[in-house]
Amino acid sequence: MHPSAKLEAFLANSSHLQTPFVVVDTDVVAQRYDALQAALPMADLFYAVKANPGRPVLDTLIARGSFFDVASVGEIDLCLNAGVTPDRISYGNTIKKRGHVEYAYDQGVRLFAFDAEPELDKLSQAAPEATVFCRVLCDGKGAEWPLSRKFGCDPDEAERLLHLAADRGLKVGVSFHVGSQQGNVEAWDAALEIAARLARSLMGRTEPVRLDVVNVGGGFPGIYQREMPSIEKYGEAIAASLARHFGPLYGDYLPRIIAEPGRYLVADAGVLRTEVVLVSRKHEMDEKRWVYLDCGKFSGLAETMEEAIRYRFRTPHDEAVENGAPTGAVIIAGPSCDSADVLYEKTDYRMPIALAEGDFIDIISTGAYTTTYSSVGFNGFAPLKDYYI
Ligand SMILES: *Cc1c(COP(=O)(O)O)cnc(C)c1O
């Protein structure tokens, strides 16, 4: 997976631009949306806005008929201002201030997540006519950025809460997130089995209640160092799991299926350009060089935390390396005065021996979780600049 021709043309003509910056090709976003919709024809796609809230990204997805998953009133306003109607917005954060639920409900938002009784209380008071979906815990196994533990509740607790929600006249659903950058296409199966079990439990009430929504979350991958299955494989596995677990329950009828893709839609649409500030050794005999870039953990590369997401780097010397020029092991770090600002130390990265101050390095597939992960100005470094083409 190489950057698009449009990205390459932009990068070829951008030596005058201040680094670091990210450039995103919205045509790739549109292609990804179409590919995912084709792979998951049964699902409404709610773009997880946090992955890249850039206005041109939103505009591109609005034009495709996308729905939107938001986590805050800021993201609600962003979507509404871009022209998204409130019936296309899902408030997917399980942790919401009461006033923010009221605001969302006033604006017309009718889909809300929860994973605990006090949050359900908030929703039944502040969003009485809404559909509320209960997030169940997932272990995040197989994911490079797991998201486990903080969100979701035990399936037994979910069952209790869904009955409680139904008692209060709310429409109910189930959601889960199998972990971001999920490499195992079967990861959805166990959660869908639980969702079907919860559906059956609701159907077993004296006055049966139908599960309104099954939200299969995100987790669809971008292309970093590791190869990933094609999006079709994800679609086939999810369709098979839905048929297996929900087929006997509903016959041909399924609850509304929604998905919340973030990374998959934008990651490969972006390239982050950074400049080498310093190449050094801690001792002249050290084999490993330190490569300091003008972009680090606090300027957009937060997902290098614990070296979870392993980006691909491109240097001006790669062609020479292909023709035999030597490379050496490196530790890659950001420019700030925080010792946590090391991107990769344990992961085995190699860079050309010829790498020098002033070289541009392009970090591939950086359209997701970069622009807004940049601090407002730690150490006086400006936030990551973003361009959309
Ligand atoms: C972040 C997030 C997503 C998007 O996840 P990806 O792995 O980027 O697809 C979806 N749903 C929720 C609730 C999220 O918090």
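This is a predicted model: local features need pLDDT of at least 70, side-chain atom pairs count only at pLDDT 80 or more; totals for chains, interfaces and linings use all residues.
1. Start with the ligand. Its surroundings consist of 13 residues, and K50, S180, E260, R263 and Y369 are the closest of them. Sorted by class, this shell holds five charged, five polar and three nonpolar residues.

2. Next, look at the ligand's oxygen atoms. G262 takes part through its backbone, with an N or O atom 2.9 Å from an oxygen of the ligand. On its own the ligand has 390 Å² of accessible area, and the protein covers 93% of that.

3. Where does the ligand sit? The space it takes is the largest pocket, which holds about 470 Å³. Of the 29 lining residues, K50, D69, G92, R135 and F151 are closest to the pocket's centre. Strands β3 (67-70), β6 (131-135) and β9 (180-182) give at least two lining residues each. The lining as a whole has 11 nonpolar, 11 polar and seven charged residues.

4. Finally, turn to the second largest pocket, with about 320 Å³ of space. Its lining is made of 16 residues, and R312, F313, R314, T315 and D318 lie nearest the centre. Two or more lining residues come from each of β14 (312-314), α11 (318-322) and β16 (342-352); β16 gives the largest share, four residues. By class, the lining of this second largest pocket has eight nonpolar, three polar and five charged residues.

How values were computed:
Residues are numbered from 1 along each chain as its sequence is written. Side-chain values use heavy atoms; hydrogens and water are left out. A residue is near a molecule or strand if one of its heavy atoms lies within 4 Å of it. A polar contact is a pair of N or O atoms within 3.5 Å; within protein, one must be able to donate a hydrogen and the other to accept it, and residues adjacent in sequence count only if both atoms are side-chain atoms. Accessible areas come from the Shrake-Rupley method with a 1.4 Å probe; for residues, only the protein chains shown count as cover. On a 1 Å grid over the protein atoms alone, a cavity is a set of points where a 1.4 Å probe fits but cannot get out, and a pocket is an open set with protein on both sides within 12 Å along at least five of seven lines; lining residues have an atom within 4 Å of a point. A molecule sits in a cavity or pocket if more than half of its atoms lie within 2 Å of its grid points. Ala, Val, Leu, Ile, Met, Phe, Trp, Tyr, Cys and Pro count as nonpolar, Asp, Glu, Lys and Arg as charged, and the others, Gly among them, as polar. Grid points are joined across faces, edges and corners, and a volume is the space filled by probe spheres set on the points.
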